[in-house]
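Please open the model in your viewer and keep the selection tool at hand. The tour below goes from one selection to the next and says what is there.

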Amino acid sequence: MVNQGPISLPLTILSVLIPFFLMNSCIATSEEKGTALIRKTCNHTMYEKICISIFESDPRSFKANYTGLLRIGIELSVSLTNDTLSYISKVFDNTSETSNHTLWLKMKGCHDNYDFAVFEISQATDLFDKGLYRDASRKVAFANEAAFLCRTSGVPQFVERNNKVDKFTHDIVLLLYPNPPK
Ligand SMILES: *[C@@H]1O[C@H](CO)[C@@H](O)[C@H](O)[C@H]1NC(C)=O
Ligand SMILES: *[C@@H]1O[C@H](CO)[C@@H](O)[C@H](O)[C@H]1NC(C)=O
Ligand SMILES: *[C@@H]1O[C@H](CO)[C@@H](O)[C@H](O)[C@H]1NC(C)=O
Ligand SMILES: *[C@@H]1O[C@H](CO)[C@@H](O)[C@H](O)[C@H]1NC(C)=O
Ligand SMILES: *[C@@H]1O[C@H](CO)[C@@H](O)[C@H](O)[C@H]1NC(C)=O
């Protein structure tokens, strides 16, 4: 039940949302930049507040055009996923298998899924640079899946960080595809 490995359940959920995003397909013109572009881009996402706050945490976001902003979004997704894996590893390594085996197994499930997700998502920037936005989107979706699976297992220590990964990568997946740069 716990250690089911990376499955593609959230992608099914995401595909249900795609028509909603298609209606907003004309997101930004190439000239727009700064706060206005960040707001406008995030205005079309599901988790607007997290989208804005994570983009605004990186000074580069204010100077980027829409293409640049999406690339930064991938980089931020990669570091967020990697940092979450580091955190999960630290807590997991410090948890004994015998004290609460159920909890330990849940932590192991989160750890293994995040470990796999970091490997996959680290390929997303190269794909993006080749203009393969749909493939880049799929790589980011691995992080969203890891977060989805970890959320369902409900390890209390992981909830907050996992939520952030879940929401931000969800939005980046759908911005990359079906709302790629022109
Ligand atoms: C967006 O910015 C990048 C540099 O970050 C530049 O190479 C590219 O030509 C710009 N795209 C448009 C459509 O202006
Ligand atoms: C956000 O979207 C709503 C409706 O789609 C629109 O009324 C509003 O002006 C948009 N805000 C920004 C900052 O683009
Ligand atoms: C490791 O676990 C112990 C006791 O369970 C706790 O006191 C300590 O703060 C933990 N260390 C880390 C780095 O989580
Ligand atoms: C083990 O951890 C779970 C959380 O996954 C918790 O619900 C349960 O109460 C814990 N059991 C013990 C004996 O602490
Ligand atoms: C993840 O973080 C570690 C350091 O904690 C670093 O060595 C590694 O290169 C990072 N991986 C990615 C894909 O960013």
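The stops that follow begin with confidence, then turn to a helix, a core and a ligand.

Start by colouring this predicted model by pLDDT, which averages 88 over the protein, with 84% of the residues scoring at least 70. Select residues 1-9, where the pLDDT is below 50 although the stretch has 16 contacts in the model beyond near neighbours in sequence, and then residues 11-26, where pLDDT stays under 50 and the model has 14 contacts beyond four places in sequence. Where pLDDT is low, the predicted coordinates should not be read in detail.

Next, select helix α4, residues 66-93, whose 28 residues reach 40 Å from the first C-alpha to the last, close to the 40 Å expected at 1.5 Å a residue. Its buried residues include Tyr66, Leu70, Ile74, Val78 and Leu85, and the buried residues of α4 pack against α2, α3, α5, α6, α7 and α8.

Now centre on Ile74, which, leaving aside its neighbours within four places in sequence, is in contact with Ala124, Thr125, Phe128, Ala136, Val140 and Ile172. In the largest nonpolar core, which has 41 residues, Ile74, Val140, Ala143, Ala146 and Leu176 touch the most other members. Each of α2, α3, α4, α5, α6, α7 and α8 supplies at least two residues of this core, and α7 gives the most, with 11 residues.

Finally, which residues surround ligand 4? Select Asn100, Thr102, Leu103 and Lys106 to show them; this shell divides into one nonpolar, two polar and one charged residue.

Technical notes
Residues are numbered from 1 along each chain as its sequence is written. Chains are lettered from A and ligands numbered from 1 in the order in which they are written. This is a predicted model: local features need pLDDT of at least 70, side-chain atom pairs count only at pLDDT 80 or more; totals for chains, interfaces and linings use all residues. A residue is near a molecule or strand if its C-beta atom, placed from the backbone, lies within 6 Å of it. Ala, Val, Leu, Ile, Met, Phe, Trp, Tyr, Cys and Pro count as nonpolar, Asp, Glu, Lys and Arg as charged, and the others, Gly among them, as polar. Helices (H or I, at least four residues) and strands (E, at least two) are DSSP runs, numbered from the N terminus. The expected span of a helix is 1.5 Å times one less than its number of residues. A residue is buried if 20 or more other C-beta atoms lie within 10 Å of its own, exposed if 12 or fewer, and partly exposed in between; C-beta atoms are placed from the backbone. Two residues are in contact if their C-beta atoms, placed from the backbone, lie within 7 Å. A nonpolar core is a set of buried Ala, Val, Leu, Ile, Met, Phe, Trp, Tyr and Cys residues joined through C-beta atoms within 7 Å. pLDDT is the predictor's confidence in each residue, from 0 to 100.
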